[in-house]
Amino acid sequence: MDADVDFFAPRRCMRAPISEIFLAAELLDRATDAHLAGDRAEAEALIRAADMPAVRAWTESLWGSSKAYPDQHSLNRFRVVVDAPPNLPRENRIPQRMPTAAEKAKLIDRFGHRCAFCGIPVIRKEIRVAFSRRYPDAAYWGHTNPTQHAAFQCMWLQFDHALPHSRGGDNSVENVLITCAPCNYGRMQWTLEEVGLIDPRGIPILKTDWDGLERFLSRP
Ligand SMILES: [Zn+2]
C-alpha cells in the first residue's frame, strides 16, 4: 500500500533534478563570464565541460520513448481523473498562438529563469542560438536529440501550458508557465492532476541571481 501512497502523492515535478544539471549551469555561467572577458578558449572549454552525459540521460528518462525507458510510468505516474477535460479534436482547439514578446517578458519576470516544476535554471532559445553562432563546435545544435548540447537542451526555456492546449488550454499569461524542456515534453498532453503535479501558480517563486545567461548578448 505504501507504494500506492507514494505513487499518488502530490509532487512538484515528475523527476527530481540531479546535481549535474546545476553544475552544468554553473559552468555555462562561467563560460559567459569568460566570453564577456574575451577569453574564447576558456569559454569554449567550459561549454564543452557542461555537455554532460548524466544531464542527457536525465532528459531522456523524461521525454525519451517509453520503449527505451520501460520504467517511465514510475516518473509520469499517470492516473485516470474523473471529469478531466477531454482531448479535443484539432479543429476545436484554441488557435495556437505563442505569447507576444511583452507577455513572454512578463512571464519570465513572474517565474524567473527557472523551471516552475523542477526548479532547474533555464535558458532562452535566443541565448542558446547566440552561443551556437559564436561557439559552433562546443555549443553544437543539430536536428536530432543526440546532436544537441546536453545542457542547453535540458535547460531550454519553454512556455508551457498549465492546462494543455490539446485539452482546451488557452495561451493567456494566466495559463502559461516557464518550464524546462524535459518537464514540458515529459508531461505531454496530461493535465497537472493526471500526473499528480502541484499547480506551481499557487506557490511563491524563489528568485535567485541566475539570469538565464542573458548578459551573453551584451558582447557582439
Ligand atoms: Zn523542469
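Asp 83 counts as exposed, with 6 C-beta neighbours inside 10 Å. Asp 83 sits in the loop between α5 (73-76) and α6 (101-111). Its phi is near 65 degrees, a positive value in a residue other than glycine. The model is a predicted one. The protein has nine helices and two strands, and buried residues make up 32% of its 220 residues.

**Positive phi**

- Most residues other than glycine have a negative phi.
- Leu 213 belongs to the segment after α9 (181-187).
- Leu 213 is buried, because 24 other C-beta atoms lie within 10 Å and the cut-off for burial is 20 or more.
- Asp 83 has 6 such neighbours and is therefore exposed, the limit for that class being 12 or fewer.

**Overall fold**

- From the N terminus on, the elements run α-α-α-α-α-α-α-α-β-β-α.
- The C-alpha trace spans about 60 × 40 × 35 Å along its principal axes.
- The radius of gyration is 18 Å.
- A compact globule with 220 residues would have a value near 17 Å, so the protein agrees with that expectation.
- Take the contacts between residues at least 6 apart in sequence: 78% of them join residues at least 24 apart.

**Helix α2 against helix α3**

- Helix α2 covers residues 19-36 and helix α3 covers residues 40-49.
- Their axes come within 8 Å and cross at roughly 165 degrees.
- The two helices are therefore roughly antiparallel to each other, as angles over 145 degrees are classed that way.
- The crossing of α2 and α3 is left-handed.
- On the α2 side, the contact uses Leu 27, Leu 28, Arg 30, Ala 31, Ala 34 and His 35.
- On the α3 side, it uses Glu 42, Ala 43, Leu 46, Ile 47 and Ala 49.
- By class, the residues of this contact are eight nonpolar, one polar and two charged.

**Helix α2 against helix α4**

- Helix α4 covers residues 53-63, and its axis comes within 9 Å of the α2 axis.
- The crossing angle is roughly 125 degrees.
- α2 and α4 are therefore oblique to each other.
- α2 passes α4 in a left-handed crossing.
- Glu 20, Ile 21 and Ala 24 of α2 meet Ala 54, Val 55 and Trp 58 of α4.
- This contact has five nonpolar residues, no polar ones and one charged one.

- Ala 49 counts as partly exposed, because it has 16 C-beta neighbours inside 10 Å.
- The C-alpha atoms of Ala 49 and Arg 114 are separated by 21 Å, and the two residues are 65 apart along the chain.
- Ala 50 is found in the loop between α3 and α4.
- Ala 50 counts as buried, because it has 26 C-beta neighbours inside 10 Å.
- Beyond its neighbours within four places in sequence, Ala 50 is in contact with Ala 24, Leu 27, Leu 28 and Ala 151.
- Ala 50 and Ile 18 are 32 residues apart along the chain, and their C-alpha atoms are separated by 14 Å.

**Glu 174, between the strands**

- Glu 174 lies in the loop between β1 (158-161) and β2 (176-179).
- Glu 174 is exposed, because 9 other C-beta atoms lie within 10 Å.
- Glu 174 and Ile 94 are 80 residues apart in sequence and 15 Å apart in space, C-alpha to C-alpha.

Note on methods:
Residues are numbered from 1 along each chain as its sequence is written. This is a predicted model: local features need pLDDT of at least 70, side-chain atom pairs count only at pLDDT 80 or more; totals for chains, interfaces and linings use all residues. Axes are lines fitted to C-alpha atoms, for helices over the stretch in contact, and angles run from 0 to 180 degrees between N-to-C directions. Helices (H or I, at least four residues) and strands (E, at least two) are DSSP runs, numbered from the N terminus. Angles under 35 degrees count as roughly parallel, over 145 as roughly antiparallel, 65 to 115 as roughly perpendicular and the rest as oblique. A crossing is left-handed if the near helix is turned anticlockwise from the far one by less than a right angle, and right-handed if clockwise. Two residues are in contact if their C-beta atoms, placed from the backbone, lie within 7 Å. Ala, Val, Leu, Ile, Met, Phe, Trp, Tyr, Cys and Pro count as nonpolar, Asp, Glu, Lys and Arg as charged, and the others, Gly among them, as polar. The radius of gyration is taken over C-alpha atoms; the globule rule is 2.2 Å times the number of residues to the power 0.38.
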